[in-house]
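Here's a quick tour for anyone meeting this structure for the first time. Have a look at the picture, then read on.

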Amino acid sequence: MASSTSATVLLSLTITAPYPKPTTCRFLLQPRNRYLNLSSSANFSAKALFSSYNSNSVPLTKELETNCNSLTLREICQDHVPDHVLGRMEELGYVMPTDVQREALPVLFSGNDCILHAQTGSGKTLTYLLLIYSVINPKRSAVQALIVVPTRELGMQVTKVARMLAAKPMDPEVEQKSYTVMALLDGGMLRRHKSWLKAEPPNIVVATIGSLSQMLEKQIFKLDSMRILVVDEVDFIFNSSKQVSSIRKLLTSYSSCNNRQTVFASASIPQHRRFLHDCIQQKWTKGDVVHVHVNPVKPMPSCLLHRFVICGRKEKHRLLLSLLQSDLPESGIIFVNEQVRTAYPSSCVDF
C-alpha cells in the first residue's frame, strides 16, 4: 500500500502466484475462532448445529467446533440459497467455506446487519452474494439488492461473480427465471442503463457511488423495494472526501436501515470499535449489527509475493518498472494514490 511523506514514498507491489486456484476452497487462513458473536434472534438450520445464541460471545465445545468446521458451503446454505445457485457455486470451485463465510453466513441468514471485516482474498464477496440470492425474488421486476463499490475495477469483478452465480440452469426440466444483474459504474453506458432501469428494473445493481447518485438524484429509479444493501470497501468510501457525503445520503436519506438488511465489508477498518458505534448512532445499521472480525492479525497468504522499496517521489516510476521487469509476474496488483494508466500488460492498477 502506498504511503508517502514530503520526502519519501513507500513503493509496494503484490504479485499473485502463477499456479491455479484450489478447487475446494480459496484461503483457509487460520484455525477457526473458538467464539461466535451471534444475536439472540439467530436460528440456523445447517444440520441443526446452529441453534439460538445470545448476544454475548459463546464458546464452542470441541465437538461443535469440529462439526461446524466440517460443514460444506452447500450444507450451510441449504435451506436459504436456491439449489441452482448452489450448483453454480460448486461448479465454480466453491465447496468448502472460508473462515469469514463460516462465521458470517449464519449471522446473515438470520437477518442481522453485519460488518464483514477480513483481509483480501478471504471470501467476503461470495459471502454477501449468497445472502443476496437467499433473499431476492427473480420473478419480481424491482431493484432488491444494491452493492456499492468505490472503484469501477472492483465493480466489474463483483458483477462478473454475481452473473456467474446467477446463470440460468442448463437442465430444461428446471423452471427457474434467471436473476438480472446491472453494473452502474463510472464511465459506463449510463444512457442505455437509464432505459433499462425504467423498462425492467434488474434484481441486483452493482454501482459506484458517483453513478448511483446521478441515477437517484434524477429519480431514474428508487430504492423502495431494496431488501439488501452492501457497501464494499467501506473504509475507502468513508475516507474519500468525494464519496463520503453521497454514501451518508444513501444510508439515511434514500433508504432506511429499518427497511433493509445492511452489510459493510472491508479488509481494513481502522478504529473498528468506533465505526461500529457510529453505525448504530448514525442509523447506518440496526442496533443489533454484528461485527464478524476474522484473522485480525495474519501474515500474507503464501500464494502472494509482496515486495516494497522506500524511495523518493521522482524515483518511484522507474523503480516500479524495474521490479516488474525483474520479477516478470503473470499477474499483480499495484496500489497507488490515484487512478493511473499503465502500459505493463500483466498488471492491474487499483487505488
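## A first question

Which residue in S10 is the bridge partner of valine 231? It's phenylalanine 264.

## What you're looking at

This is a predicted model, where local features need pLDDT of at least 70, side-chain atom pairs count only at pLDDT 80 or more, and totals for chains, interfaces and linings use all residues. Residues are numbered from 1 along each chain as its sequence is written, and side-chain values use heavy atoms, with hydrogens and water left out.

The protein chain has 12 helices and 14 strands; these are DSSP runs numbered from the N terminus, with helices being H or I of at least four residues and strands being E of at least two. Of its 351 residues, 48% are buried, meaning under 20% relative accessible area, while exposed is over 50% and partly exposed is in between (1.4 Å probe, protein chains only). Take the contacts (heavy atoms within 4.5 Å) between residues at least 6 apart in sequence: 70% of them join residues at least 24 apart.

Now for S10, which spans residues 261–266 and is mostly covered, with six of its six residues buried. Gln261, Val263 and Ala265 point one way, while Thr262, Phe264 and Ser266 point the other.

S10 runs parallel to S9, joined by five bridges. S10 also runs parallel to S5 (residues 114–117), this time with four bridges; there, leucine 116 has alanine 265 as its bridge partner. For strands to count as a pair, DSSP has to find at least two bridges between them.

## Helix H6, one side covered

H6 takes up residues 152–166, and its 15 residues reach 21 Å from first C-alpha to last, close to the 21 Å expected at 1.5 Å a residue. That expected span is 1.5 Å times one less than the number of residues. Its buried residues are Leu154, Gly155, Val158, Thr159, Val161, Ala162, Leu165 and Ala166. They sit on the same side of H6 because they cover an arc of only 165° around the axis, going by the directions from the helix axis to the C-beta atoms.

What's covering them? The cover includes helices H3 (83–91) and H5 (124–135), plus strands S6 (145–149), S7 (181–184), S8 (204–208) and S9 (228–232).

## A stop at glutamine 78

Glutamine 78 is in the loop between helix H2 (73–77) and H3. This residue is partly exposed, with a relative accessible area of 37%. Leaving aside residues up to four places away in sequence, glutamine 78 touches Asp83 and Leu86.
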